[in-house]
Amino acid sequence: TYNVFSDDHLEYSGLSRQFLFRRLEPYTLYTLMLEACNAAGCTHSPPQPVWTDEAPPVSQMAPVIQAVNATNVELSWLQPINPNGKIIRYEVIHRHTEETVTGHRATTEDEKIVFTEYNTESNTFTYNDKSLQPWTRYEYKIRTWNAAGYTDSSWTAAKTSQTAPKSLAVPNLSVVSANPHKILISWTPPAQPNGILQSYRLLKNDVLYPFSFDAATLSYVDEDLLPYTVYSYAVVACTMGGCSTSEPAAIRTLEAAPALVDPPSLQAVSATQVSASWAPPQIQNGDITKYILKLGNEEYYPGKSLQMLVSNLQPFTQYDFALVACTAGGCTSSTSRSVMTMEAPPLNMEAPRLLVMGSESIEITWKLPNKPNGKITSYDLRRDGMLVYSGLETRYLDFTLMPGMEYSYTVTANNSQGSITSPSARIKTNPSAPSGMLPPRLQAWSSSEILVAWDPPIKVNGDIRNYTVSIHKPGETEKKTFDFDASHVSFLRRSYIVGQLQPYTRYEVQLRACTELGCASSEWASGQTLEAPPAAQPAPLIDVQTAAGFQSTASILWAGPKQPNGRILYYELYRRRAAQAHVNLDLSLVYNGSSTSFKDDKLLPYTEYEYQVGIKAI
């Protein structure tokens with residue numbers, strides 16, 4: 001048989017040459033010995049030491065809390081009951097639970113290795129966890145490692161104590177309803193309360209308020225403050241562990257309206273400009289944001305300047321100015337002060353009013369200029385540019401005028417700085433019958449037309465209502481007349497072409513002009529129409545005489561045209577042989593002269609001839 005002994009304990013006996021040991025302890029030294037036996041007896045091998053392999057540790061005890069304050073937790077631990085190998089390190093792991101300001105839990109699982117111990121020879125180990133959050137629940141466990149793995153202990157809890165809060169923001173300051181005497185202070189809880197908040201307090205200009213606020217109060221209205229004054233506020237937050245103070249915040253109370261605003265100093269610099277200047281209010285109650293210069297309902301804005309030139313004013317006018325000074329808190333007005341602008345030339349002189357008193361007189365009246373811009377020293381009245389009156393009266397009667405004549409009047413108003421002339425006013429005196437009608441001017445326009453042109457009467461004495469042109473031959477009583485009223489184009493042109501006349505004939509023309517009160521006629525003017533081609537020439541008379549032999553001679557006689565239409569210059573006699581055809585081009589001039597007879601001796605015997613008389617006039 002074979003016998004296997006472990007630490008002198010028989011573990012196996014049999015003929016097999018292998019044996020598997022079971023239920024051994026990890027990382028334990030075992031001493032084995034083999035014994036072989038036969039019938040003669042037994043012999044054994046030398047002892048052989050054997051170590052089992054390591055296994056993960058078992059039964060690591062939870063750490064023990066030794067000491068706790070607001071930011072530190074000190075703990076200790078022992079090695080595991082069954083290390084099952086060589087411990088190579090210990091790891092301290094923690095997690096924490098944060099609490100709200102009111103103390104309610106809000107667990108945040110965040111396991112973190114905060115410490116590793118490599119010196120594992122000792123039996124007892126310690127660690128001090130620092131820089132922790134106050135008023136926070138921390139849990140710790142130990143993780144023990146050997147070459148085969150690790151094991152974790154159970155959790156041990158510790159809660160840090162309270163301390164003064166941290167990260168307290170500066171308070172928020174704001175005005176209340178635009179009231180310069182109130183400030184709203186509001187704040188937020190500290191980002192790190194470090195405990196349960198018990199109360200808040202306020203520091204005003206580094207002086208602690210005598211009262212406090214509970215943890216639920218986050219605002220306060222401070223009243224009865226001075227306007228336009230800087231105030232500083234800080235918040236104090238307290239827990240059972242202490243108090244902390246925020247950085248101060250500063251605010252200036254709202255501004256109020258200025259007080260004791262003096263009226264501006266005024267000086268007229270021209271007829272339309274006034275220079276105003278002023279000093280800042282004695283009590284400003286804030287930063288002056290603007291000045292307003294008031295003139296009745298008008299306002300001028302010089303900004304923050306202490307002077308202003310006001311333009312576009314009316315000359316020689318009294319103005320009352322007041323100064324308004326403004327801050328962000330309101331405006332205050334001064335009493336008013338008066339100034340008179342300088343004189344300027346007058347403006348807006350209306351045209352005079354005219355009234356016809358008869359055919360030779362006109363009454364002229366006028367008014368003061370709409371803008372005299374000073375004291376009027378005199379008026380100048382002009383008729384058609386000629387001065388007829390100068391003085392301070394506003395009425396004038398103009399005599400010795402022409403009847404039916406239009407006159408233009410202007411009035412000039414004068415003051416110390418200049419003058420203004422009104423627009424002209426026009427009016428006509430009452431009309432009368434015209435006189436001094438000149439004969440018309442005649443010009444032969446054609447053989448049947450004469451151009452008649454004329455001028456108005458020398459003395460029109462009113463509005464011409466119509467012109468009448470009369471024309472006739474000398475020695476004849478019958479005449480033609482042509483009337484032209486104001487709507488006719490010949491009335492405006494003062495000319496007319498008389499047609500349907502006889503050529504080269506003398507005519508007499510008379511012109512008449514009429515107004516409402518009568519007419520005036522001119523002397524007769526004489527003119528002649530132009531010449532025209534003659535008309536109605538009678539055929540010539542022919543007498544043929546035969547001389548000795550066969551030579552014939554024709555005597556041709558003719559009379560002048562029935563309508564010469566001008567002065568006859570000469571006659572032309574044409575001859576041609578008669579032919580059966582309608583057209584015979586064998587036409588020759590046989591005579592050219594002023595005589596009314598001609599003998600033609602260049603004829604052929606027994607031949608029929610035709611003669612024609614032509615006339616040449618101017």
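1. Cys243 is partly exposed, because its relative accessibility is 45% (buried means under 20% relative accessible area, exposed over 50%, and partly exposed in between, with a 1.4 Å probe and protein chains only). Cys238 has a relative accessibility of 8% and therefore counts as buried. These two cysteines form a disulfide, with their sulfur atoms 1.9 Å apart (a disulfide is a pair of cysteine sulfur atoms within 2.5 Å). The link of Cys238 and Cys243 is right-handed, with 115 degrees about the S-S bond.

2. A note on the basis of these values. This is a predicted model, in which local features need pLDDT of at least 70 and side-chain atom pairs count only at pLDDT 80 or more, while totals for chains, interfaces and linings use all residues. Residues are numbered from 1 along each chain as its sequence is written, and side-chain values use heavy atoms, with hydrogens and water left out.

3. Cys514 and Cys519 form a disulfide, and their sulfur atoms lie 1.9 Å apart. Cys514 is buried at 7% relative accessibility, whereas Cys519 is partly exposed, with a relative accessible area of 42%. The link of Cys514 and Cys519 is right-handed, at 110 degrees about the S-S bond.

4. Cys37 and Cys42 also form a disulfide, with 1.8 Å between their sulfur atoms. With 120 degrees about the S-S bond, this link of Cys37 and Cys42 is right-handed. The structure holds four disulfides. Counting bonded cysteines along the chain, the disulfides of the protein chain follow the pattern 1-2, 3-4, 5-6, 7-8.

5. Next, the aromatic rings. The structure holds 28 aromatic pairs (rings of Phe, Tyr and Trp, the last by its six-membered ring, pair if their centres lie within 6.5 Å; planes under 30 degrees apart count as stacked, over 60 as edge-to-face and the rest as tilted). One of them is Trp454 with Tyr467: the ring centres are 5.5 Å apart and the planes stand at 55 degrees, so the pair is tilted. This pair links distant parts of the chain, 13 residues apart, with Trp454 in the loop between β40 (450–453) and β41 (466–472) and Tyr467 in strand β41 (helices, H or I with at least four residues, and strands, E with at least two, are DSSP runs numbered from the N terminus). Trp454 is buried at 1% relative accessibility, and Tyr467 is buried with a relative accessible area of 3%.

6. The rings of Trp558 and Tyr591 have centres 6.0 Å apart and planes at 55 degrees, so this pair is tilted. Trp558 lies in the loop between β48 (552–557) and β49 (568–577), and Tyr591 lies in strand β50 (residues 587–593), so the pair ties together parts that are 33 residues apart in sequence. Are these two residues buried or exposed? Trp558 is buried, with a relative accessible area of 7%. Tyr591 is buried, with a relative accessible area of 16%.

7. Which residues do ring pairs link into a cluster? The cluster consists of Trp187, Tyr200, Tyr209, Phe211, Phe213 and Tyr220.

8. Two arginines are worth checking against ring faces. Arg95 lies over the face of Trp155, at 4.1 Å from the ring centre (a charge sits over a ring if NZ of Lys or CZ of Arg is within 6 Å of the ring centre and within 35 degrees of the ring normal). Arg252 lies over the face of Tyr228, at 4.4 Å from the ring centre.
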